[in-house]
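Reader: I'm new to reading structures, and I'd like to know what the words are based on. Can we go through one together?

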Amino acid sequence: MAFSSNAASDHHLRQELAENQFTISNIKLQSLNHLTDYLPDLQIHSNPLDQNPFFHPVSEFYITPSDVILRHILHDLSGAFPSPGPYLEYHRAGPRKQIYFDSCHVRAAIVTCGGLCPGMNTVIRELVVGLWELYGVREIFGIRAGYRGFYSIEPVPLNPKTVEGWHRKGGTVLETSRGGFDLHKIVNAIQDRGFNQVYIIGGDGAMRGMVEIFNEIKHRNLKIAVAGIPKTVDNDVGIIDRSFGFQTAVEMAQQAISAAHIEAESAINGIGLVKLMGRSTGHITLQATLSSRDVDCCLIPENKFYLEGKGGLFEFLDNRLKDNGHAVVVVAEGAGQDIIPRTESQVQEKDESGNPVFLDVGSWLKSELKKWWDRDHPKDLFTVKYIDPTYMIRAVPANATDNLYCTLVAHSAIHGAMAGYTGFVSGPINGNYAYIPVEEVARAKNPVNTRDHKWAWVRSITNQPDFG
């Protein structure tokens, strides 16, 4: 969606849109941070893509500030369900005709934070190759071991030859860690080392840290663009369509479900139990259930369940074993945390990122299933095969679809930073790549909607109870 303007330049047009808030017909453009918001006299440069023989830019090649993407594209024309507020729109990602960095003077830093996720190395590789080949940047550095690496470890110089083949590797070659966030040490290190573009790859905790880093850089009036690329294998980042690595995770999860199904049907009264990633959301569990069609019960954090009594899990599995002789249960790691007994110290325990430490719902459920069977069917054979593929899924290389995603999201971040945008996250909205203020991403959630058609589809496949 684009709106025409007679503004003389992208810079003037961006100012005009910001001043007018660009609210038309119940549509509101989300403002995007720009270096000129606090450094108004920055020099503007022509985009070196003008001279790149591979692109031959035409008038429609460059994105302008008036190119936007609507967040919500479904509308009820009857008026029976009117929108509660304005329809939000975001700036479209892509190359700008005018940029605010001289490529010869760019010093870029790339850091990965938090847990592993398929595609992390691809994002790093494409950031390096994109900066080098698209914009001619020659000073690119990797920050090792997450946020603490800014102030405790020497940066690693990167170039296209260094990162060649990284997209075929799982994990992150730069290494990662949780915690280690010391705002002033990090920003001091960024400033002392002369970095003027910082690319942060991480989950919700890393994005919250990025908000603080951006605000401190802005407070110091530094010409440093900060761009984020959301990383969460659970797909729990809000606003964007999905996070990179998610489709690879679903694909790998199906292999675990298939193994559990074979184990279950090969035993008398066999249950295959699979625990999948998903601390606060059950997207992997849901998608893997829909894809495999071998699952008898799908348990996710958004839908509480109980074990005993009418309509409980034990009654359902009892009937399923009588009918089929076997059953497959897939549970997200965040499911059932409210019913697992825990000590006072376990209630208070946090990990290095500040998240509550979850108990192992898979091991607990396996134990409870055995207790139930021994109590109610002491003379009958029974087997529970428990599979936890968490670290196998996290550590694999990205598949073809996620590799393409990683390339597009990395290049989108580069174009945004070179254009002077800062404090933003790049990601797909309704199939198109956009720039989103990091503050929004840091607080947005993406839970499974248990009242929509997809969850109803899950229940129609598994015939499981509602546990309501």
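Reader: Which residues of α10 are called buried?

Author: In α10, those are Val 361, Gly 362, Trp 364, Leu 365, Glu 368, Leu 369, Trp 372 and Trp 373. The word has a cut-off: buried means under 20% relative accessible area, exposed over 50%, and partly exposed in between, with a 1.4 Å probe and protein chains only. One thing to keep in mind: this is a predicted model, where local features need pLDDT of at least 70 and side-chain atom pairs count only at pLDDT 80 or more, while totals for chains, interfaces and linings use all residues. Residues are numbered from 1 along each chain as its sequence is written, and side-chain values use heavy atoms, with hydrogens and water left out.

Reader: What makes the buried residues of α10 line one face of the helix?

Author: Look down the axis of α10: its buried residues fall within an arc of 165 degrees, so they line one face. That arc is taken from the directions from the helix axis to the C-beta atoms. On the other side of α10 you'll find Lys 371 and Asp 374, which are exposed.

Reader: And what covers the buried residues of α10?

Author: The cover includes β11, β12, α8, β13 and β14 (383-387). Those labels come from DSSP runs: helices are H or I with at least four residues, strands are E with at least two, and the numbering starts from the N terminus.

Reader: How do you know that the end-to-end reach of α8 agrees with what a helix should span?

Author: The expected span is 1.5 Å times one less than the number of residues. Helix α8 (residues 313-324) has 12 residues and should therefore span 16 Å; its end C-alpha atoms are 16 Å apart, which agrees.

Reader: Which elements do the buried residues of α8 pack against?

Author: They pack against β11 (270-276), β12 (297-299), β13 (326-332), α10 (361-376) and α14 (453-462). Among the buried residues of α8 are Leu 313, Phe 314, Asp 318 and Arg 320. Just after α8 comes Gly 325, with a positive phi of about 85 degrees.

Reader: What makes Asp 360 a cap for α10?

Author: A side-chain oxygen of Asp 360 lies 3.0 Å from the backbone nitrogen of Gly 362, at the N-terminal end of α10.

Reader: Why is Arg 394 called buried?

Author: Its relative accessible area is 18%, so Arg 394 counts as buried.

Reader: What is Arg 394 in contact with?

Author: Leaving aside neighbours within four places in sequence, Arg 394 is in contact with Gly 115, Leu 116, Cys 117, Pro 118, Arg 178 and Met 277. Contact means heavy atoms within 4.5 Å.

Reader: Why is Arg 293 called partly exposed?

Author: At 48% relative accessibility, Arg 293 falls in the in-between class, so it counts as partly exposed. Arg 293 lies in the loop between α7 (283-292) and β12, and its phi is near 65 degrees, a positive value in a residue other than glycine.

Reader: Is Asn 235 buried or exposed?

Author: Asn 235 is buried, because its relative accessible area is 5%. Asn 235 sits in the loop between β10 (225-230) and α6 (246-265), and has a positive phi of about 65 degrees although it is not a glycine.

Reader: What makes Ser 426 buried?

Author: A relative accessible area of 0%, so Ser 426 is buried. Ser 426 lies in strand β15 (residues 424-429). The backbone oxygen of Val 409 is 3.0 Å from a polar atom of the Ser 426 side chain.

Terms used. A polar contact is a pair of N or O atoms within 3.5 Å; within protein, one must be able to donate a hydrogen and the other to accept it, and residues adjacent in sequence count only if both atoms are side-chain atoms.
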